[in-house]
Amino acid sequence: MNLHQFRFVQEAARRNLNLTEAAKALHTSQPGVSKAIIELEGELGVEIFARHGKRLKRITEPGQHVLKSIELIMREVGNLKRIGEQYSAQDTGTLSIATTHTQARYVLPLPVARLREAYPKVNISLHQATPHEVARMVIDEVAEIGVATESLADYPELVTLPCYEWQHVLVLPHSHPLAQKERVNLDDIAHEPLITYHPSFTGRGKIDAAFAARRLQPRIVLEAIDSDVIKTYVRLGLGIGIVAEMAMREDPIGDLQVRPLGHLFGQSVARVALKRGAYLRHFVFRFAELLSDRLSRDLVARAMSGHVHDYEL
């Protein structure tokens, strides 16, 4: 058995058992892929795939176990390559980060700048996406590290650690009647035109859940993924806004009133995600440390090895 056979089996499973698509992805021929898989099955003495004629129909029960072992083997092969890359170029390379717009705009600039100071030869590749896409990028090794609030903890392929807590805030013009109240409640804002995040982003689920628990139907007139867009439309008078508190910490205009909403929607937790079992280069550990004082090289290393869980933090 050899690595080529493992790659062919793995790619066939990834391509929904379509050998033609697997062959295209591997830049080889379909008969070559089929032959390699049959040879591996012969060596193992089990069928990895059940067939109907020449077509693969499903993965067999022993095939499921074979695929899990192949995944571990191929992951370690990738780790071996990364070890070589790290020690041949200690302080160079590219750190790929997958994150949401809010994190990229308001949280990551300082840690990224500090990492560049410490490792001037390391380039940063920033991928902005939805939380689900962030998770997939880390799983598919498009990115080495992911940062988001939603979704990351839902994927067993990922190790996730809490990075920091934050809350939503209400933003509104100084002239708005609610600007005179120090503490607003759900009834105050339920009937106001609201501008806030798209349901997939930045803790929107907590907002919807709070209204639903009170059986209130909010008047959401505009949804966006960008906090600056929300603030812009608040300034234009379309409604009052609900944004993440970090979006208001260094607001350059300073013309909006801000009211905390943690008592209504609770605290949200931003998380760092890493692919389970991946080999981490030393500047990935350093970036995690720069993201939050809750994270350390030792903690991340122990989490990756399965010796610590986020509920212990």
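Two strands are taken to pair if DSSP finds at least two bridges between them, and helices (H or I, at least four residues) and strands (E, at least two) are DSSP runs numbered from the N terminus. The structure is a predicted model, in which local features need pLDDT of at least 70 and side-chain atom pairs count only at pLDDT 80 or more, whereas totals for chains, interfaces and linings use all residues. Residues are numbered from 1 along each chain as its sequence is written, and side-chain values use heavy atoms, with hydrogens and water left out.

An open sheet is formed by five strands, which follow the order S9-S8-S10-S7-S11 with mixed pairing. Strand S9 (219-224) and strand S11 (256-260) stand at the edges with a single partner strand each, so one side of each has no neighbour in the sheet. Neighbouring strands are turned against each other by 30 degrees on average, direction ignored. Strand S8 (residues 193-197) runs parallel to S9 and is joined to it by five bridges, and within this pair of strands Pro 193 stands opposite Arg 219 in S9. Helix H9 (residues 204-213) lies across strand S7 (168-173), S8, S9 and strand S10 (240-244), and runs at about 145 degrees to S8; such axes are lines fitted to C-alpha atoms, for helices over the stretch in contact, and angles run from 0 to 180 degrees between N-to-C directions.

Among the helices, the axes of H6 (residues 109-118) and H12 (residues 282-291) come within 9 Å and cross at roughly 140 degrees. The two helices are therefore oblique to each other, given that angles under 35 degrees count as roughly parallel, over 145 as roughly antiparallel, 65 to 115 as roughly perpendicular and the rest as oblique. In contact (heavy atoms within 4.5 Å), Pro 111, Val 112, Arg 114 and Leu 115 of H6 meet Phe 283, Arg 286, Phe 287, Leu 290 and Leu 291 of H12.

Eight of the ten residues of H12 are buried, so this helix is largely enclosed by the rest of the structure; buried means under 20% relative accessible area, exposed over 50%, and partly exposed in between (1.4 Å probe, protein chains only). The buried residues of H12 include His 282, Val 284, Phe 285 and Ala 288, and also Phe 283, Phe 287, Leu 290 and Leu 291. Arg 75, which is found in helix H4 (residues 61-88), is likewise buried, with a relative accessible area of 18%. When residues up to four places away in sequence are not counted, Arg 75 touches Arg 276, Gly 277 and Ala 278.
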